Number of protein chains: 2
Amino acid sequence: MMKRFVLLTPGPTPLPPEVLAKLGEPILHHRTHEFGELFRDAIEGLKYVFRTKGTVLLQCGSGTSGMEAAVANILSPGDAALVASCGVFGNRWTKIAKAYGLAPAHHEEEWGRAVEPEKFRRTLEAAGKDVKAVFLTHTDTSTGVACDVRELARIVREHSDALVVVDSISGLGAQPLEADEWGLDVVVAASQKGLMNAPGLAFASVSERAWKVIDKARLPRFYWDWRTYRASLPNGETPYTPAVGLVAAQVEAFRLIREAGLENVWVRTRVLAEYTRRAVEGLGLSLFAKAPCDVLTAVQLPKDIDGEAMVKALRDRYGISIAGGQEKLKGRIVRIAHMGAILQEDVDQGLAALKKELAAAAPAVK
Amino acid sequence: MMKRFVLLTPGPTPLPPEVLAKLGEPILHHRTHEFGELFRDAIEGLKYVFRTKGTVLLQCGSGTSGMEAAVANILSPGDAALVASCGVFGNRWTKIAKAYGLAPAHHEEEWGRAVEPEKFRRTLEAAGKDVKAVFLTHTDTSTGVACDVRELARIVREHSDALVVVDSISGLGAQPLEADEWGLDVVVAASQKGLMNAPGLAFASVSERAWKVIDKARLPRFYWDWRTYRASLPNGETPYTPAVGLVAAQVEAFRLIREAGLENVWVRTRVLAEYTRRAVEGLGLSLFAKAPCDVLTAVQLPKDIDGEAMVKALRDRYGISIAGGQEKLKGRIVRIAHMGAILQEDVDQGLAALKKELAAAAPAVK
């Protein structure tokens with residue numbers, strides 16, 4: 001039987017047909033003039049979406065691999081660091097740092113809220129001037145929250161020379177971020193969310209200040225070692241075999257983003273986010289996030305509804321993939337993404353199915 | 001202008017049309033029943049090609065990422081280890097271990113020769129009983145050499161309890177390897193060579209003996225941490241967003257390999273290797289490898305021919321990608337692959353172009 005899949009998940013997101021078509025093209029060898037051109041286009045596209053004139057890098061791996069690369073390239077044994085988290089992905093910074101034997105100060109906001117600048121300032125001051133890097137999350141899809149990364153970065157800059165490292169894996173290309181203007185030293189992103197490509201590539205923007213630290217950092221790193229990626233850039237290649245097909249597809253996705261204009265994509269995402277939030281409230285449901293991001297809406301479910309069962313019902317009965325809650329939110333929320341190539345029609349289908357299933361569950365509940 | 005590309009490079013290799021078609025299909029979400037089934041098929045396919053009943057893992061990254069994962073999962077600070085190398089990729093084991101602060105004993109065979117078992121035995125004995133792991137290369141594409149991994153593993157087993165770790169990134173699926181029967185504790189592979197998929201996935205087989213070590217190992221690892229991959233296996237998923245499209249394509253490639261029968265694929269590759277070697281000698285050229293592998297032929301060029309220029313000429317004038325020499329072999333050899341979906345027709349085109357270019361260069365040379 002034919003089955004249509006509607007993806008309302010925070011990565012992988014649906015691909016534009018043009019990007020899919022690129023994925024189906026024969027593989028180029030990566031040491032060719034043709035790939036060199038593609039690679040340079042990918043780098044230019046990354047600079048465009050990161051809003052940077054600095055270095056941008058591309059590695060084969062998931063978004064988490066980009067986060068780990070940031071930690072491994074920036075920190076050295078014994079370094080003080082601060083993580084300001086508002087959910088699962090913020091907490092991941094701390095987990096990674098701990099895996100490397102570090103003990104970052106951990107500032108965790110109540111889930112559903114954004115990192116509050118004044119509280120953040122006090123934590124930063126308490127952590128002291130020795131903090132080498134502050135790790136932030138732009139949009140944490142576990143709670144559907146966006147942090148004011150610009151303001152947090154400004155506070156860090158007032159306080160010390162600590163590097164500002166931002167996970168914008170789900171945010172980049174979907175809602176405003178300005179690596180250079182906001183003074184973000186490292187921003188990590190991935191292919192499969194707002195950047196409308198299949199999963200498998202991680203990206204990073206790296207400031208000159210960050211390179212000075214990276215050049216001397218002493219955590220173990222080989223495949224992650226950004227110095228070797230930087231050295232390969234002038235040759236239009238990566239140090240290890242790149243995911244050639246994904247690079248070609250990413251260039252196509254960047255073409256589409258440039259064609260629309262990045263600012264217009266931000267607006268489109270915001271409009272769809274506002275639409276989704278209104279529609280969710282129209283169903284009598286409440287929003288989980290007090291500071292909602294534009295890339296995903298976290299929906300609080302009525303107490304008697306099992307979120308895991310709801311996710312399964314939408315997937316099995318309607319072919320619609322939404323996300324459930326993670327960790328302590330498991331079963332309590334569902335999450336509907338609206339970044340990248342997700343359209344209002346997709347959101348409408350997801351919400352219509354949610355409405356039906358809630359109505360069907362209601363008699364049993366009461 | 002239309003341009004046909006012939007890939008005779010040791011990864012990426014050309015893709016069968018069925019595999020390409022899978023890459024062009026819409027992306028599934030990875031937390032669905034459908035992806036769970038695909039994932040399980042991929043795991044079954046891996047067990048088939050690794051010839052193991054043990055654990056197999058799949059991670060998003062290049063082949064080198066799989067090598068690094070092996071080092072980071074198996075060793076602990078201060079561990080003694082031995083690398084037996086016969087080229088660039090063997091040496092990479094040592095580079096990775098050194099990046100983690102280890103100082104493995106390094107046994108390097110003269111390039112072009114396979115690791116010689118009796119010399120290896122003496123090195124192993126000199127390294128002592130404390131050696132925790134021995135790192136080998138099945139087929140080193142930098143020199144076109146195959147090592148007798150079965151015999152080397154047997155020697156290790158006679159000597160001590162050291163784990164046997166094999167890089168079969170270019171060999172797996174193309175020439176015989178038996179993870180269980182040969183007692184190989186960890187074998188690392190990648191998608192883009194004999195396994196006929198696009199680049200972006202790394203694979204590993206892991207023995208029960210290896211897990212006992214991995215569970216207690218103390219090098220830093222997060223994204224690489226195979227314990228989290230093992231924990232996700234029963235749910236039919238990976239701990240981080242998998243490269244969904246590449247997994248679907250890999251399942252299709254495994255279907256083709258199973259349809260042909262793995263042993264028949266080995267024979268086909270061997271026959272094409274023998275054909276290529278005879279044809280190269282027919283051109284009056286000599287083979288670089290004294291113990292040639294089946295996956296690639298390293299061709300020694302006449303002294304006056306610049307290998308780099310030859311690679312460029314074939315690529316620019318004929319659309320044919322062959323590989324040049326690496327590191328100290330740069331300019332001195334060219335390398336013609338014949339693994340995976342590479343056909344005799346492709347090799348014929350490559351050799352015909354090589355012949356023409358050699359003839360064209362000859363008057364200038366003489």
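Guide: First, a term: contact here means heavy atoms within 4.5 Å. The model is a predicted one.

Start with the sheet of chain A. Four strands form an open sheet there, in the order 11-12-15-14. Their pairing is antiparallel. Strand 11 (286-287) and strand 14 (323-324) of chain A stand at the edges. Each has a single partner strand, so one side of each is left without a neighbour in the sheet.

Strand 11 is joined to strand 12 (residues 296-300) by two bridges, and the two strands run antiparallel. Here Leu287(A) stands opposite Val299(A) of strand 12 of chain A.

Helix 10 (residues 262-282) of chain A lies across strand 11, strand 12 and strand 15 (333-337) of chain A. Its direction is at about 15° to strand 12 of chain A.

Turn to chain B. Its open sheet of four strands has the order 11-12-15-14, with antiparallel pairing. Strand 11 (286-287) and strand 14 (323-324) of chain B are the edge strands, and each pairs on one side only.

Strand 14 and strand 15 (residues 333-337) of chain B pair in the antiparallel sense, over two bridges. Gly324(B) has Val334(B) in strand 15 of chain B as its bridge partner.

Two helices of chain B belong to this picture. Helix 10 (residues 262-282) of chain B lies across strand 11, strand 12 (296-300) and strand 15 of chain B. It runs at about 10° to strand 12 of chain B. Helix 11 (residues 307-318) of chain B also packs on the sheet, where it touches strand 14 and strand 15 of chain B. The direction of helix 11 of chain B makes about 40° with that of strand 15 of chain B.

How do the two chains relate? A rotation of 180°, with 0.0 Å of shift along its axis, superposes chain A on chain B, at an RMSD of 0.0 Å. The two copies are thus related as by a two-fold rotation axis. Of the residues of chain A, Gly24(A) comes closest to the rotation axis, with its C-alpha at 2.0 Å. The same surface serves both copies: 100% of the contact residues of chain A recur in chain B.

Definitions and conventions
Residues numbered from 1 in each chain as written. Chains lettered and ligands numbered in written order. Predicted model: local features only at pLDDT ≥ 70, side-chain atom pairs only at ≥ 80, totals over all residues. Heavy atoms only, no water. Least-squares fit on C-alpha atoms with pLDDT ≥ 70 in both. Pairing = 2+ DSSP bridges. Axes fitted to C-alpha atoms, helices over the stretch in contact; angles between N-to-C directions.
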